[in-house]
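Subject: Structure handover

Hello,

Here is the structure I promised to send over. Please open it alongside this note.

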Amino acid sequence: MIELHQFRPFWGLPNASPFCMKAETYLRFRHIPYKVVPSGPRKSPTGKIPFIVEDGHSITDSEAIIAHFENRRADKLDDGLSEADRATAFLCASWWKTACTGRSPTCAGEIRRAGRYSSRIW
Ligand SMILES: N[C@@H](CCC(=O)N[C@@H](CS)C(=O)NCC(=O)O)C(=O)O
C-alpha cells in the first residue's frame, strides 16, 4: 500500500498544505489506493512534504509524485482537453505555484509560457 506522508487535516480542510492536498486529490482522482501517514517536513528526505513511500522507496514533491504515476499510464490527465483548456490549466497551476511560494506578484512569465501552448488565444 502506498503511504502518503503529509500534515493532518486542519482548519476544516483535508489538508492545510496545497501541495499535500494536490497529491492526495490526484491519488483519489486516479483511484490509487493509499494510506495517509501523518507527518511533517522534518521526517521528509528533502525537508518538504508531501512525500510517498512505495515498496520502500520514497518520492518527494507533489509534481514528482503525480509524474511517477502518470508515467505508468497510457491515458493522461489532460487527454481530451482543448489547447485553450491546456493553456488555462497551465496558467492556473503556474500562478498557484507562484502564489504559494511567494516568488512573484505578477503572472507575466506564466502568461508568456502559457502562450506557447496555444497560439490561438495569446
Ligand atoms: N514543490 C513542493 C513544495 C512542497 C512544500 O513546499 N511543502 C511545504 C508544506 S506546504 C513544506 O514542507 N515546507 C517545509 C519547509 O519549507 O521547511 C511540492 O510540490 O510538493
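Below is what I found, going from the overall fold to single residues.

**Ground rules**

This is a predicted model: local features need pLDDT of at least 70, side-chain atom pairs count only at pLDDT 80 or more, and totals for chains, interfaces and linings use all residues. Residues are numbered from 1 along each chain as its sequence is written.

**Overall fold**

The chain holds 4 helices and 4 strands. Helices (H or I, at least four residues) and strands (E, at least two) are DSSP runs, numbered from the N terminus. Read from the N terminus, the order is β-α-β-β-β-α-α-α. Of the 122 residues in the chain, 16% are buried. Buried means 20 or more other C-beta atoms within 10 Å of the residue's own; exposed means 12 or fewer; partly exposed is in between, with C-beta atoms placed from the backbone. Among contacts with a separation of 6 or more, 52% link residues 24 or more positions apart. A contact means that the two C-beta atoms, placed from the backbone, lie within 7 Å.

**The sheet**

The 4 strands form an open sheet in the order S2-S1-S3-S4, with mixed pairing. Strands S2 (34-38) and S4 (57-60) are at the edges with a single partner strand each, so one side of each has no neighbour in the sheet. On average, neighbouring strands are turned by 25° against each other, direction ignored. Two strands pair if DSSP finds at least two bridges between them. Strands of a sheet pair through backbone hydrogen bonds, either parallel or antiparallel.

Here are the pairs:

- S1 and S2 run parallel and are joined by 5 bridges. Gln 6 stands opposite Pro 38 in S2. The chain passes from S1 through H1 to S2, and this β-α-β crossover is right-handed. Right-handed means that, with the strands pointing away from the viewer, the path from the first strand over the helix to the second runs clockwise.
- S1 and S3 are antiparallel, with 3 bridges. His 5 has Phe 51 in S3 as its bridge partner.
- S3 (residues 51-54) and S4 are antiparallel, with 4 bridges. Ile 52 is partnered by Ile 59 in S4, and Val 53 stands opposite Ser 58. The hairpin of S3 and S4 has 2 residues between the strands, and Asp 55 takes a positive phi near 50° there.

Helix H1 (residues 18-29) lies across S1 (2-6) and S2, at about 155° to S1. Axes are lines fitted to C-alpha atoms, for helices over the stretch in contact, and angles run from 0 to 180 degrees between N-to-C directions.

His 5 is in strand S1. It counts as buried because 22 other C-beta atoms lie within 10 Å. Its C-alpha is 4.7 Å from that of Val 37, 32 residues away in sequence. Leaving aside neighbours within four places in sequence, the contacts of His 5 include Val 37, Ile 49, Pro 50 and Phe 51.

Ala 23 belongs to helix H1. Ala 23 is buried because it has 27 C-beta neighbours inside 10 Å. Not counting residues up to four places away in sequence, Ala 23 touches Leu 4, Pro 50, Ser 62 and Ile 65.

Most residues other than glycine have a negative phi, and most peptide bonds are trans. Check these spots:

- The peptide bond from Ile 49 to Pro 50 is cis, with omega near 15°. Pro 50 is in the loop between S2 and S3.
- His 31 has a positive phi of about 55°. His 31 sits in the loop between H1 and S2. It is exposed, with 6 other C-beta atoms within 10 Å.
- Asp 61 has a positive phi near 85°. Asp 61 is in the loop between S4 and helix H2 (62-70). It is partly exposed, with 17 other C-beta atoms within 10 Å.

**The ligand**

Which residues surround the ligand? They are Ser 17, Phe 19, Pro 41, Gly 47, Lys 48, Ile 49, Pro 50, Asp 61, Ser 62 and Glu 63. A residue is near a molecule if its C-beta atom, placed from the backbone, lies within 6 Å of it. The shell divides into 4 nonpolar, 3 polar and 3 charged residues. Ala, Val, Leu, Ile, Met, Phe, Trp, Tyr, Cys and Pro count as nonpolar, Asp, Glu, Lys and Arg as charged, and the others, Gly among them, as polar.

Best wishes
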